[in-house]
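Me: Hi, I'm new to this one. Could you walk me through it?

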Amino acid sequence: MQKNKCCVAKDPLNRHKFMHTYTLIQTLKHIESEQEYDKEQLRILRNAFKAFDHDDKGFIDHSDVHQILEILGQKLDEKQVKGLIKEVDKSNAGKLDFAKFCKLAARFVEVEEDGPVLMGELKEAFRVYDREGKGYLTVQVLRTILKELDDKLSNQDLDMIIDEIDADGSGTVDFDEFVQVMTG
């Protein structure tokens with residue numbers, strides 16, 4: 001009695017249907033994974049992935065991940081990198097597709113907010129605290145803002161931040177100095 005092997009290999013039409021279905025499923029998974037990420041973040045991840053997918057096969061080797069993460073500004077040791085890979089590649093296949101790579105690397109790709117949008121928000125915030133329209137905030141107002149943003153800051157931390165920003169000791173902070181404090 002002959003064992004019934006998979007019909008995909010025997011029938012070319014079935015093989016074609018199988019491959020088409022498989023490709024479609026992989027594409028849908030890829031699209032779903034891409035919807036999790038910001039457009040700019042996705043662009044950065046795609047460029048990093050393509051730089052190491054030399055043969056354009058849709059996979060990168062585990063051995064490339066450490067170097068990619070370094071390029072993205074992450075200084076991780078080999079053990080940490082292996083742990084990250086293990087999180088996303090349960091089968092330990094030795095390769096990562098783009099979706100798995102995104103899961104692994106996206107946490108390390110910070111996308112800055114649009115410059116004009118951020119500047120608009122900062123101008124509005126500055127205007128709210130500069131009630132009299134003098135064009136500056138007192139260091140006491142800045143201290144209050146910083147404390148509201150991070151209540152874990154000690155008075156010593158606040159003094160240090162304010163001394164750095166108010167280097168001339170004027171006791172005031174203009175808009176440019178305010179932007180410097182708020183954007184780091």
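Reply: Happy to! Let's start with residues 117-152, where the chain is 67% helix and 8% strand. The end C-alpha atoms of that span are 28 Å apart. Helices (H or I, at least four residues) and strands (E, at least two) are DSSP runs numbered from the N terminus.

Me: What kind of model is it?

Reply: This is a predicted model, where local features need pLDDT of at least 70, side-chain atom pairs count only at pLDDT 80 or more, and totals for chains, interfaces and linings use all residues. Residues are numbered from 1 along each chain as its sequence is written, and side-chain values use heavy atoms, leaving out hydrogens and water.

Me: Which residues does the EF-hand annotation cover?

Reply: In UniProt, an unreviewed entry puts "domain: EF-hand" on residues 40-75, 117-152 and 153-184. Such annotations may be inferred rather than shown by experiment.

Me: And how much helix is in 40-75?

Reply: That span is 64% helix and 8% strand, and its end C-alpha atoms lie 22 Å apart.

Me: New topic: at what angle do H4 and H5 pack?

Reply: About 115°, with the axes of H4 (residues 62-71) and H5 (residues 78-88) 10 Å apart.

Me: Which residues meet there?

Reply: From H4 come His 62, Val 65, His 66 and Leu 69, and they meet Glu 78, Val 81, Leu 84 and Ile 85 of H5. Contact here means heavy atoms within 4.5 Å.

Me: How many of those are nonpolar?

Reply: Five are nonpolar, beside two polar and one charged.

Notes. Axes are lines fitted to C-alpha atoms, for helices over the stretch in contact, and angles run from 0 to 180 degrees between N-to-C directions. Ala, Val, Leu, Ile, Met, Phe, Trp, Tyr, Cys and Pro count as nonpolar, Asp, Glu, Lys and Arg as charged, and the others, Gly among them, as polar.
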